[in-house]
There are 2 protein chains.
Amino acid sequence: MSARAAIIVTGTEVLGGRVSDRNGPWLSEQLAQLGVEVAQITVVGDRPQDMRAALDWCAALRVDLVVTSGGLGPTEDDLTARVVGEFAGRSMVLDEALEERIAAILRPLRARWPHLSEEAIMASNRKQAVVPEGATILEPVGTAPGLVVAPLETGAGPTVVVLPGPPSELRALWAAAIETTAFSAAVAGRTVYDERMLRLYGLPESEIAETLRIADATGVPMERLEVTTCLRRGEIEIVTRFEAPDASAYDAFAAVVRSRHGEMLFSEDFRRVDDQVAEMLVEQRLTVAVAESCTGGLLAGRLSERPGSSEYLRGGIVAYSNEIKESLVGVDHQLLAEHGAVSGEVALALADGARERLGATIGVGVTGVAGPGGGTAAKPVGTVWVAVSSSAGRSIVRHTMLRGSRAEVRERTTTVALHLLRRLLLGEDDAPSA
Amino acid sequence: MSARAAIIVTGTEVLGGRVSDRNGPWLSEQLAQLGVEVAQITVVGDRPQDMRAALDWCAALRVDLVVTSGGLGPTEDDLTARVVGEFAGRSMVLDEALEERIAAILRPLRARWPHLSEEAIMASNRKQAVVPEGATILEPVGTAPGLVVAPLETGAGPTVVVLPGPPSELRALWAAAIETTAFSAAVAGRTVYDERMLRLYGLPESEIAETLRIADATGVPMERLEVTTCLRRGEIEIVTRFEAPDASAYDAFAAVVRSRHGEMLFSEDFRRVDDQVAEMLVEQRLTVAVAESCTGGLLAGRLSERPGSSEYLRGGIVAYSNEIKESLVGVDHQLLAEHGAVSGEVALALADGARERLGATIGVGVTGVAGPGGGTAAKPVGTVWVAVSSSAGRSIVRHTMLRGSRAEVRERTTTVALHLLRRLLLGEDDAPSA
């Protein structure tokens, strides 16, 4: 029997749907990696009674651990700490040493609150140092300390980890929380899982459902594996969790995926196509430049996401109009007139032009109809042409039809381009169409 | 007393943190706009007992309405419908007319499932047509119907709206759900709210807290207004909900914000700065081109987000290296040597160069240190220079220091650029620094 946890996210603005919660999913992933099963994530408003009701429900679900996010800010300082203290049956006490440490953090920040009197700041400071008696304190990274609060009697209820809402603070305090004795005791029953990821590109998700059936039918003990598949930016991710003795079951499953999907399987080690492309560019001492139309800068934006990308990214041209395709990228006027801007010929001319004009060893050209307008019978919305070409004279041109909204078509086009770039870097001049 | 609702999102992949939930926040916003208070959002796994436990808790919270998302897919067809039927005390019955309508939807899609026998498809079809007796059926947009399930006895528990997980299907069926008699009856007690939004740029969030205090202190009946503020991409959004008789309280509050923040307040009608810039460009028949360094294409990407943006966006140059700043944008070598790439002089030269080289009436230049590396004592990570210039000889150059991760600095820089563009389009040649 594995340890189980629940996550409570507080925040009226999250509940109202205007801010999307990043902490719940992040905590959930961390807990899963530790082998703690997450029973649920609940979002409640910033009111003490809502928080208390959520805690009571977690107790009813008999989880071993509850992790809370938020409710420690300057305007609602003591809400979560106090409610959790009551829930655990512990009285609230002032920790004077903590009060002094918080004061030391606040002093240099004094200029941030010119409207507040010294007194008001110190009162808020003191409130944050009032904690449930016997709680383990997690030293503040911002100004709010975190807490690990065990029930007064062992086994009388879940242990509660109280974390601040700002994601960077939450993550830092989480790292401290899992090192505490109180945390270890609460999740003593956890199962240790291994997690692996297979990334595939260029096949429909339904194929994976069929692969799972085939693996099962050919004797792979699939019941020992927890397999989750999801589509992300036009790729398929298969995440598998298993206990150490079941590693051979996973190996057998991975072998089925490999044999059925061959080169569609591009990553078995958590590396994204972005990472693979960046690493190959650096290793091969190559540089890249892009000329993009429908993606309007998003491909260059994606290629410059990683720190240090200036080592291989020369730059790009967003050739939104035909004049710029001609004047800046050097696409032939006749070519545009003959084939239209959305064509394989123009995609290749964009790749060649980007490479030459920006002095890179590899060029990428992107053109397409992102929609919602601009589609024709011959070139409907979602028609995309991508080309890559190298100064060594190699090239690949790919046509694809993408479904979805304008934003989705634009985003998935960047994935198509990265995979084409990957193929070129692997030394392939052609590949099955996506 | 207002009507209250809870939202239950099912999905193991959402609970596992790998897929972020878009339905919960969206439904929450819809409910708020209808005047239904959302008590909580819960994410549970795809298991019947988890769904049932969540429904039971919603009943204990005495909400009037529960909205569920997911659990209607082909692999877990009947999970949600059956659990909700049991919860409402209704037996499950086959709706033959519905079965025929679903079959009619599936027939043309037959080619999608070449692996499945006709029989298997029809069995899954039939399962989806088995619904709680007396439930209101929402006609499928994909292949799964939605449901509105009232309790067997009025007032014996919440009415449950069952919706499919794919966001586009969920949104379409939601529109149908709120038109049903069963829905209206469940939320009869709802309060009708007005919602307004004030968007501000160029001031710290703490200023807004102070403004709220001042409004209160000067006699604005703030207790009649529900005010939520949040930071988004470097802007502040103040959303206020109020009942019709309290419109004058809102007007008084908005007047305080206007008088205290003047030109920092840039939108009172839900329009984003992106919308304002696009509309002014179209109205004034102007075109824009960008030359960007640290944002690496994201500014052009943002300017091309809106359908029809080719009307005003000429294109852009991602000048990641100094050579490209010189060769493609025409930045003077001497200028780069003298001031460095991250300087106001170079930002302006990038704006001028983009405008001239891409044949636009307005140019935008962006340069900065996005980090995490590359910072110096004089130009630390987060240093950003943005410039806009027009063919009429007007220009604005702005220096700003942004905090946060590489991704945050890059994203916020695009916001700085859009606001500078807005000022130029409004006919301003200078503005207070952000």
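**Exercise 1.** Find how many residues of domain 2 of chain A are in contact with domain 3 of chain A.

*Solution.* Five residues of domain 2 of chain A are in contact with seven residues of domain 3 of chain A. Contact means that C-beta atoms, placed from the backbone, lie within 7 Å. The touching side of domain 2 holds one nonpolar, two polar and two charged residues. Here Ala, Val, Leu, Ile, Met, Phe, Trp, Tyr, Cys and Pro count as nonpolar, Asp, Glu, Lys and Arg as charged, and the others, Gly among them, as polar. Domain 2 spans 202–267 and domain 3 spans 273–425; the bounds come from an automatic or database domain assignment. Their centres, taken over C-alpha atoms, are 31 Å apart.

This is a predicted model: local features need pLDDT of at least 70, side-chain atom pairs count only at pLDDT 80 or more, and totals for chains, interfaces and linings use all residues. Residues are numbered from 1 along each chain as its sequence is written, while chains are lettered from A and ligands numbered from 1 in the order in which they are written.

**Exercise 2.** Explain why β10 and β12 of chain A each have one side without a neighbour in the sheet.

*Solution.* Start with the order: β10-β11-β9-β12 (chain A), an open sheet with antiparallel pairing. Strands are DSSP runs (E, at least two residues) and helices are too (H or I, at least four), numbered from the N terminus. Strands pair if DSSP finds at least two bridges between them. β10 (226–232) and β12 (265–267) stand at the edges with a single partner strand each, so one side of each stays without a neighbour. Next, β9 (193–201) and β12(A) are joined by two bridges. Arg199(A) stands opposite Ser267(A).

Terms used: Two residues are in contact if their C-beta atoms, placed from the backbone, lie within 7 Å.
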